[in-house]
Amino acid sequence: MNAERRPRIGVLALQGAVRPHVDAIREVGGEPIEVRLPRDLVHLDALILPGGESTTMRRLVDAYGLREPISAMARGGTPLLGTCAGMILLAERLTDGDEPYFGLLDVELRRNGYGRQLDSFETDLTIPAIGDEPLHAIFIRAPVVTGVGPLAEVLARDADGNPVAVRQGRVLATAFHPELTPDRRIHRLLVELVGETSRRPA
Ligand code: GLN
């Protein structure tokens with residue numbers, strides 16, 4: 001990362017939990033950019049796909065012509081972070097006949113897989129990739145990761161052993177909402193990926 005320039009981190013701002021991600025980006029020293037149109041993607045160093053309602057979000061991404069440009073960014077190595085519904089959009093495989101969307105993450109998910117009893121819950125997670133201190137995590141109608149392929153690396157699991165944070169190269173995804181707690185280590189990890197991208201040999 002160029003020391004004089006703050007990394008420009010986009011947040012897909014069509015639907016869902018946009019504002020807390022924007023605030024989190026500022027807190028880790030980035031410049032947040034709200035993305036609604038393809039032109040908002042120009043010069044981004046990373047992009048966040050927030051939580052919300054993945055069916056609505058994928059319709060809006062299509063309607064605003066963002067699907068292909070976001071896929072192209074990811075293929076070009078721009079780091080992405082998908083949280084909750086964002087993770088659903090990134091997954092290669094969905095259960096129950098749901099169609100995958102970007103298909104950038106070698107995992108299988110079940111939408112709303114934690115079930116009605118656990119619509120929302122909070123728990124502490126151990127995530128060695130970001131340090132020893134547990135991370136307090138909020139899950140809201142979260143997807144359950146039902147399978148992880150060889151290309152994806154599990155960064156954290158819930159108490160039942162289900163993966164809840166996954167990384168595949170420069171694509172990060174969490175089933176929980178890291179923007180809703182004050183701990184900024186997940187957003188910092190995204191900014192570190194930006195640094196790795198810009199140090200990459202041409
Ligand atoms: N349940 C939502 C979906 O299936 C995701 C919920 C969230 O992003 N908090 O799209």
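Arg141 sits in the loop that links strand S8 (135-140) to strand S9 (144-148); helices (H or I, at least four residues) and strands (E, at least two) here are DSSP runs, numbered from the N terminus. Its phi is positive, about 40 degrees, even though Arg141 is not a glycine. The model is a predicted one, so to speak with care: local features need pLDDT of at least 70, side-chain atom pairs count only at pLDDT 80 or more, and totals for chains, interfaces and linings use all residues.
- Most residues other than glycine have a negative phi, and most peptide bonds are trans.
- Arg141 has a relative accessible area of 46%, which makes it partly exposed; buried means under 20% relative accessible area, exposed over 50%, and partly exposed in between (1.4 Å probe, protein chains only).
- Cys84 is another non-glycine with a positive phi, near 55 degrees.
- You'll find Cys84 in the loop between strand S4 (80-83) and helix H4 (85-90), and at 3% relative accessibility it counts as buried.

**Helix faces**
- In helix H1 (residues 19-27), the buried residues include His21, Val22, Ala24 and Ile25.
- Looking down the axis of H1, its buried residues fall within an arc of 165 degrees, so they line one face of the helix; the arc is that of the directions from the helix axis to the C-beta atoms.
- Helix H3 (residues 67-75) buries Ile70, Ser71, Met73 and Ala74.
- Those H3 residues cover an arc of only 160 degrees around the axis, which puts them on the same side of H3.
- The buried residues of H3 pack against S1, strand S3 (46-49) and S4, where contact means heavy atoms within 4.5 Å.

- His187 belongs to helix H5 (residues 185-199) and, at 2% relative accessibility, counts as buried.
- Neighbours within four places in sequence aside, His187 is in contact with His21, Ala24, Val28, Ile48, Leu81, Pro178 and Glu179.
- Of those partners, His21 and Ala24 are also buried residues of H1.
- Arg8 lies in strand S1 (residues 8-12) and, at 23% relative accessibility, counts as partly exposed.
- Not counting residues up to four places away in sequence, Arg8 touches Glu31, Ile33, Val42, His43, Leu44, Asp45 and Ala46.
- Arg8 and Arg111 are 103 residues apart along the chain, and their C-alpha atoms are separated by 30 Å.

**The chain as a whole**
- There are five helices and 12 strands in the chain.
- For 202 residues, a compact globule would have a radius of gyration near 17 Å, and the chain's 16 Å agrees with that; the value is taken over C-alpha atoms, and the globule rule is 2.2 Å times the number of residues to the power 0.38.
- Along the principal axes, the C-alpha atoms fill a box of roughly 45 × 40 × 30 Å.
- Of the 202 residues, 51% count as buried.
- Take the contacts between residues at least 6 apart in sequence: 64% of them join residues at least 24 apart.
- The accessible surface comes to about 9300 Å², with 47% of it belonging to carbon and sulfur atoms; areas come from the Shrake-Rupley method with a 1.4 Å probe, and for residues only the protein chains shown count as cover.
- The chain carries 24 positive and 28 negative side chains, and the centres of the two sets lie 5 Å apart. Lys and Arg count as positive and Asp and Glu as negative, leaving out His and the chain ends, and each charge is placed at NZ of Lys, CZ of Arg, CG of Asp or CD of Glu.

Note on methods. Residues are numbered from 1 along each chain as its sequence is written. Side-chain values use heavy atoms; hydrogens and water are left out.
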